[in-house]
Amino acid sequence: MHIELTDFYSRLGTIAIILVLGFLLGKLKLISPKTNKDLVNLLLTVFMPASLFLAFPASYSDETSGMFLSGLGAGFLVMIAVIILSRIIFNKKFYKKEKPRSAAQFALVFNNATFLGYPIIASTFGEQGVIPYCGFIIAFNIALFSYGVYLFKHKIDVKLVLGVLTNPNIIAVVLGVIVFLTGFQVPGFVKDAVQYTGNATTALSIICVGYMLSNAKFLQLIKKWKLMLTALIQLIIGPLATWALLVVLQFPQEVVVVCTLIQALPTATSLGLFASKYGGDETEASELVTISTLLSIVTMPIMVSLLLIH
């Protein structure tokens, strides 16, 4: 697997057009905050799980199974590595206050693997990239709904554990793995219904990101140098550390490419949602997401060119 630079920019161009659409819909007030929140919930609970369930090939093969397991193993290793890095870099000296420190650590660990990651991986690599992505996203979601929540709640409870076990994205991938390994044939009309639902994932997810940008106050963001620095660290250190770790451990090229590309993405839009739900600074968290998204327009092609173009 390799990335052709012209093809990569073409994919980004397509995504940029849909991103602008979401931006304009937000500016024209055709999408309200409540509508966007409802869309995000639908994406995380319905559309994205449908896409992940159908990501597996119709027939079993040792190669495909091995690629999925490699993506899963790489995902856990990457999550552990970036968690350690986040605690080292964004310590009490960098951020004295707990809430911004938690947001910064969250930003480095969890990027937009769902809303931007899936569309980019699926459109650029097809099945070859989606299989290791499915493995990675299990590790990502387990970490997100456990450690991600812990960063703001600072405690582990039964509700947190149940949240991981009942996450629709994890359930969808597990069901997809079971169907793939057993060779069970999903009835055609069921498969078509799930596929039609999953096909909405790419456009809707990017429109939501565009809407988020439409609410940003860009002139005010430029003055917040610490948030700018935090975002740059996330966008540069994340992919560099991922690439180095997986290359040293000699993971398959497909897994290295997919995981590095995911880590080059801006921080997760769920940062603002988590901060709001679990007692963080929602405004600053949303600003960090916006800054990271804007800076990634420049940093992502650079990181891809340096690490993945051969």
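How are α5 and α10 set to each other, oblique or roughly parallel? They are oblique. This report takes that pair first, in a model that is predicted.

## Helices α5 and α10

Helix α5 covers residues 113–125, and helix α10 covers residues 201–214. Their axes come within 9 Å. They cross at roughly 135°, and α5 and α10 are therefore oblique to each other. The crossing in which α5 passes α10 is left-handed.

On the α5 side, the contact is made by Phe-115, Leu-116, Tyr-118 and Pro-119. On the α10 side, Thr-201, Thr-202, Ser-205, Ile-206 and Val-209 take part. Sorted by class, the contact of α5 with α10 has six nonpolar residues and three polar ones.

What classes do the lining residues of the second largest pocket fall into? There are 16 nonpolar and two polar residues, and no charged ones.

## Helices α3 and α13

Helix α3 runs over residues 62–89, and helix α13 over residues 253–263. The two axes come within 10 Å and cross at roughly 40°. Angles under 35 degrees count as roughly parallel. The crossing at roughly 40° makes α3 oblique to α13. Here α3 passes α13 in a right-handed crossing.

Which residues of α3 and α13 meet? From α3 come Met-67, Ser-70, Gly-71, Ala-74, Val-78, Met-79 and Val-82. From α13 come Glu-254, Val-255, Cys-259 and Gln-263. The contact of α3 with α13 divides into seven nonpolar residues, three polar and one charged.

## Helices α4 and α12

Helix α4 spans residues 98–109, and helix α12 spans residues 225–248. Their axes come within 9 Å of each other. The crossing angle is roughly 30°, which makes α4 roughly parallel to α12. The crossing of α4 past α12 is right-handed.

Three residues of α4 make the contact: Ala-104, Ala-107 and Leu-108. Helix α12 brings Thr-230, Ile-233, Gln-234 and Gly-238. By class, the contact of α4 with α12 holds four nonpolar and three polar residues, with no charged ones.

Note on methods: Residues numbered from 1 in each chain as written. Predicted model: local features only at pLDDT ≥ 70, side-chain atom pairs only at ≥ 80, totals over all residues. Heavy atoms only, no water. Axes fitted to C-alpha atoms, helices over the stretch in contact; angles between N-to-C directions. Helix = DSSP H or I, 4+ residues; strand = E, 2+ residues; numbered from the N terminus. Parallel < 35°, antiparallel > 145°, perpendicular 65-115°, else oblique. Left-handed = near helix turned anticlockwise from the far one by under 90°. Contact = heavy atoms within 4.5 Å. Nonpolar A, V, L, I, M, F, W, Y, C, P; charged D, E, K, R; others polar.
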